[in-house]
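Here are a few notes to go with the model you are about to open.

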Amino acid sequence: MATKRLDRAYDQLSLRDLLDARDQYHIHLMRHANVIATAIGLYRIRTKDSWPTERSEGKVHGTYARTLANSQIRYYSWPAILVFVERWVTEKDLEPGDLVPKTLYLPDGRSVPVCVIEAPKEGRNEIRPLKTVFPVNNIGGGWPVIARNQGQEYAATIACLVSDGHTVYALTNRHVAGEAGEIIYSRLGGKEQRIGVSSEKHLTRALFTTHYPGWPGRDVYVNLDVGLIDIDNLDRWTAEIRHVGQMGKMVDLSVHTISLALIGRDVRGTGAASGEMEGEIAALFYRYKTNGGFEYVADLLIGPRPAEDNKAKEPTFATHPGDSGTLWLLEPDDEGKSPKSKAKHKDYQPLAMQWGRNMLYSAGEARPQSYVLATLLSRVCAELGVDPVRNWNLDQPDTWSAIGHFSIANRAQVALSNRSPKLNTLMKNNADIISHDDATILAGEFSGMGSADFVALADVPDFYWKPRIAKQGFARTFEGPNHFADMDQPDPNGKTLLELCSDDPTTFIDPRKWAAFYDSVTDLESGDAIAEKYRGLLPFRVWQTFDAMVEFAAADKPREFVCAAGTLTHYIGDACQPLHISYLHDGDPLRLVEYTFTRGERKGQTEMRRFGKGVHGGYEDTMISAFREKVLAGLLNTPKTEAEEMITTGFEAAKLTVEMMRKTFTSIPPMAVVNEFGSFLGKPKERAEHLWRKFGNKTVKNMQSGAHLLAVLWESAWAVGNGDTNVTSTAGLTKDQAMAICADFDFIPSVSISRIGALLKPPMI
């Protein structure tokens with residue numbers, strides 16, 4: 001399509017000309033009872049109007065109500081003042097003084113056209129908010145934050161990270177960040193956590209003539225609503241924007257560079273409530289309300305792209321409560337470029353930050369349409385003295401041990417023998433329900449699992465059962481102890497669980513003996529008795545799940561068998577990692593070191609912390625994530641199961657699990673990991689590389705043991721339940737079917753060490 005604009009006198013009008021005309025006529029325009037707002041933009045053409053040809057400028061010109069939804073910016077649209085009216089009224093139905101003028105005439109002879117748009121405000125929120133998704137462990141642009149004030153909870157979206165050269169902050173809305181020092185939260189890994197405090201640096205509003213010096217705007221405020229969060233732990237943050245990745249350079253705009261060329265440009269953002277949003281800049285300096293004799297404007301009004309652009313019959317754009325704070329990025333103009341040269345995510349330039357929305361009613365039966373109100377990011381950064389951060393933790397995927405669990409589940413398929421083709425077919429048909437393929441694991445994009453409608457079975461225990469206590473009709477209060485067992489803490493006689501189980505496995509792999517052991521020891525750091533929820537019972541969870549798989553195979557319940565086998569993956573994955581089976585899981589509780597806070601409200605203060613605190617995430621998350629290609633490649637060498645390895649009872653499953661724990665400790669002593677982690681002072685990426693050099697190959701060997709044991713347990717349970725004869729279908733489950741089974745409280749229920757004995761099948765001594 002040609003991009004040459006038609007020869008019109010109005011094309012010579014500048015942005016300042018339009019602002020000048022609106023400023024002089026605004027009181028006159030707003031005196032019209034029907035006028036509700038004004039803005040600066042380009043004349044909008046009704047979508048059904050014909051395009052100009054070489055012989056004429058158009059044969060079809062509608063006279064019906066023009067709305068934002070049924071009109072568009074075309075290449076020949078001319079500069080204009082947009083006047084929004086409550087309802088469209090024809091000239092014949094108006095009194096002479098009520099007609100909105102088509103042209104505004106200035107004293108110096110300039111004339112400025114007016115584009116009238118029907119867009120009454122809609123008071124009701126008829127667009128339902130979407131489910132808010134929270135990150136797993138890395139928070140950044142596009143993710144939600146939570147603040148509380150006067151008994152109310154407020155949610156908003158992080159725009160991006162910014163820095164004043166000394167401190168890195170998270171940028172969001174002032175109305176959520178609140179007064180300086182207020183604690184800000186989010187949910188990471190399904191758990192609500194403090195992420196920082198509100199900074200004293202913030203913006204509320206600014207006089208238009210001060211914010212944009214030299215431009216006309218009498219008695220006008222620019223609404224800003226910008227706040228900064230002084231974040232606690234920068235290692236938990238990433239500069240990546242959710243669904244975008246690394247952003248490009250900020251669009252630097254000022255009174256010298258802002259132009260009407262922004263109108264009609266495509267923009268995109270990621271809101272905490274709405275997720276991905278694709279829009280178009282509809283207008284500049286939207287003058288939306290009057291209060292106390294002052295007018296208020298928003299820098300940008302963002303709305304839907306034309307239907308022909310989004311290939312829909314009507315605009316699909318929507319923004320919801322909770323999207324405030326969203327960073328809007330300008331998409332590059334790819335017109336005329338070859339597919340190979342199309343823009344990448346890093347070419348998306350941060351442009352503006354959302355602080356509100358307007359609901360405008362669409363005529364007829366169309367639903368109300370939401371529009372974004374936003375302020376230009378460059379002006380915000382200039383006022384606050386900060387710059388966007390573009391390259392922090394970009395290579396840190398948003399995972400929480402997920403890559404390890406999914407890798408083991410994926411490679412357990414490799415370890416299955418050919419003794420039961422029916423089992424192999426069943427597990428193959430459900431591979432994408434249990435885990436993910438290599439491409440997905442390598443991408444590492446598992447964000448939002450704590451609130452997602454579907455979670456692959458290998459991480460259901462972490463991201464479906466743990467975070468959803470008392471929701472959806474089930475409560476797995478004691479899910480936590482299923483994931484660990486401190487096998488190396490000594491009792492008063494100096495004996496550990498691992499030693500006691502190895503010395504006499506026949507009698508000591510018994511939950512009653514373990515409960516008595518826990519009664520005899522105390523928390524190493526506090527000296528308190530060990531609470532029920534901290535009495536790990538991992539081998540008994542494996543026993544319980546093995547029993548369930550046998551029952552499901554015998555009863556011709558292949559769907560339940562798959563769900564049990566898939567969730568078992570998680571516990572076996574935990575059992576082959578040294579820090580899931582050690583009291584050193586989060587550092588050494590007996591070795592305290594002084595830690596100094598470098599930011600936040602406690603900056604400069606010190607406290608005593610465990611030596612190696614954070615080692616769990618540094619080893620299992622950061623290191624595994626950074627070397628996931630090598631992990632997946634190494635797990636391809638997982639040996640297949642042998643006939644002599646098959647077992648017949650849940651007790652034997654627990655015994656094999658304990659034996660694997662012993663081999664894991666021998667291969668990688670937990671204290672060795674803590675020492676290397678605690679002594680290394682480099683950045684997270686460098687520390688991950690150091691840990692891999694020390695423990696990488698042995699970690700893969702341990703994970704091979706986990707994948708192999710998993711295959712042994714699958715095959716053994718199938719054989720004991722006579723699955724080849726009893727199971728009649730090997731079809732794959734749907735995601736909804738899998739989640740419905742996992743949501744059932746009676747499906748392999750999670751209980752404490754004192755109760756699990758009643759759920760286990762003999763032998764019990």
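This is a predicted model: local features need pLDDT of at least 70, side-chain atom pairs count only at pLDDT 80 or more; totals for chains, interfaces and linings use all residues.

1. Residues are numbered from 1 along each chain as its sequence is written, and side-chain values use heavy atoms, with hydrogens and water left out.

2. The protein chain has 22 helices and 24 strands, taken as DSSP runs (helices H or I, at least four residues; strands E, at least two) numbered from the N terminus. Of its 765 residues, 55% are buried (under 20% relative accessible area, 1.4 Å probe, protein chains only).

3. Have a look at helix α7 (residues 421–429) and helix α20 (residues 684–720), whose axes come within 11 Å and cross at roughly 125 degrees. Axes are lines fitted to C-alpha atoms over the stretch in contact, with angles from 0 to 180 degrees between N-to-C directions.

4. Which residues of α7 and α20 make the contact? From α7 come Lys 422, Leu 423, Leu 426 and Met 427, and from α20 Trp 714, Glu 715 and Trp 718; contact means heavy atoms within 4.5 Å.

5. Ser 163 sits in strand β10 (residues 160–163). With a relative accessible area of 16%, Ser 163 is buried. A polar atom of its side chain lies 3.2 Å from the backbone oxygen of Thr 167.

Notes:
Buried means under 20% relative accessible area, exposed over 50%, partly exposed in between (1.4 Å probe, protein chains only). A polar contact is a pair of N or O atoms within 3.5 Å; within protein, one must be able to donate a hydrogen and the other to accept it, and residues adjacent in sequence count only if both atoms are side-chain atoms.
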